[in-house]
Amino acid sequence: MSFTDARRKVVEALRNGNVFHVARKDMEEKNWLWARRISREEAAAIIEGTRGTQFSCSPYHQDPSVEVLVFRPSDSHIKCYLRNGVWFISFHKAGDES
Amino acid sequence: MRSIVLEGDKVEAPCEKCGGFVPATWRYLPYRLADGRVVDDVMQAQCDTCGQVVAAADQSAHLIKQALDDRSAHRTKVRLPQEMLDFVSLQLSQTGLDATAYEHFWHALFRVCLDQGPDIIAGLIKTAEDPALDAPRRVTVNLSMGQHVDALFQHVCKLAKMDTSKVIRRLIVLADGELHDKIVLALRQFALVPAGR
């Protein structure tokens, strides 16, 4: 997926509320969106402000047919993937991506 | 309902145990926080094969935030005359709220108090002679404030040279006087009653 498409679709998903969270240990400590330390609108605005150089796209390790989109604005790490029309998005502070 | 997940809905989510994306079913389940506390009724998807929780619905994020906020909230106990608690209940019921939903009253009281800025100090001092302040303090109430409100409120206490309990009691006196209209307005926002009704 191109950077422009990815950014538009993820922002749209955040604004529409079409967002789910992958279950991880201590996810409320690591995923700022799940803990609502950041709102969906704030997350969307941060992604809107990212540049192409802050974006990468790679196959999901357990299912190569799924693309993992990663936005890395200055102090954040946002990981997203789409499966059957559902977006899984996690929003981490840089250095706390695990 | 289109914007929320219903119990029994299906999703495909990555399962660490089974590997890859698996069919999963949404259910309201307890959610264990890293500090060991449990949040009930969080919408989570369980892997249909192994039963492991594989995803959480964004609609439940507010419960997690609330639990995390509770952890950082400052709690304090305040002794009040029964008459003051009766006044609080009366204000709540007159605004269409549950007469025991005290937290709404405290919230309104803090909001109005902090909105007054430095003027609140003079108001607190003026109440000194009110006879309600001399009534026996028979009841104990628990107050919970977020970190930000607590910091501002402690600043008010410091400026007024009074402890928290004294400030709360005097604010209740003001809520029955010069702050009454503002308190009612703030309470109405909880009751969703249009102002002026």
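How much area is buried between chain A and chain B, and what percentage of that area do carbon and sulfur atoms give?

A: Happy to. A word on conventions comes before the numbers. This is a predicted model, in which local features need pLDDT of at least 70, side-chain atom pairs count only at pLDDT 80 or more, and totals for chains, interfaces and linings use all residues. Residues are numbered from 1 along each chain as its sequence is written, chains are lettered from A and ligands numbered from 1 in the order in which they are written, and side-chain values use heavy atoms, with hydrogens and water left out.

Now to your question: about 2100 Å² is buried between chain A and chain B, and carbon and sulfur atoms give 60% of it. Buried area here is the accessible area (1.4 Å probe) that two parts lose on being put together, summed over both. Chain A brings 24 residues to the contact and chain B brings 27 residues, where contact means heavy atoms within 4.5 Å.

Next come the polar features. The rule finds 12 residue pairs in polar contact across the interface, both residues being at pLDDT 80 or more. A polar contact is a pair of N or O atoms within 3.5 Å; within protein, one must be able to donate a hydrogen and the other to accept it, and residues adjacent in sequence count only if both atoms are side-chain atoms.

On the side of chain A that touches chain B, at least two residues each come from strand 1 (19-22), helix 2 (27-30), strand 3 (63-71), strand 4 (76-83) and strand 5 (86-93) of chain A. Strand 1 of chain A gives the most, with four residues. These elements are DSSP runs numbered from the N terminus: helices are H or I with at least four residues, strands E with at least two. By class, this side of chain A has 13 nonpolar, three polar and eight charged residues. In that count Ala, Val, Leu, Ile, Met, Phe, Trp, Tyr, Cys and Pro are nonpolar, Asp, Glu, Lys and Arg are charged, and the others, Gly among them, are polar.

What about charge pairing? Side chains of opposite charge can pair when their charged atoms come close. The interface holds four salt bridges by the rule, which asks for a side-chain nitrogen of Lys or Arg within 4 Å of a carboxyl oxygen of Asp or Glu. One to look at joins A:R24 and B:E16, with the closest N and O atoms 3.4 Å apart. This pair runs between loops: A:R24 sits between strand 1 and helix 2 of chain A, and B:E16 sits between strand 1 (10-14) and strand 2 (21-32) of chain B.
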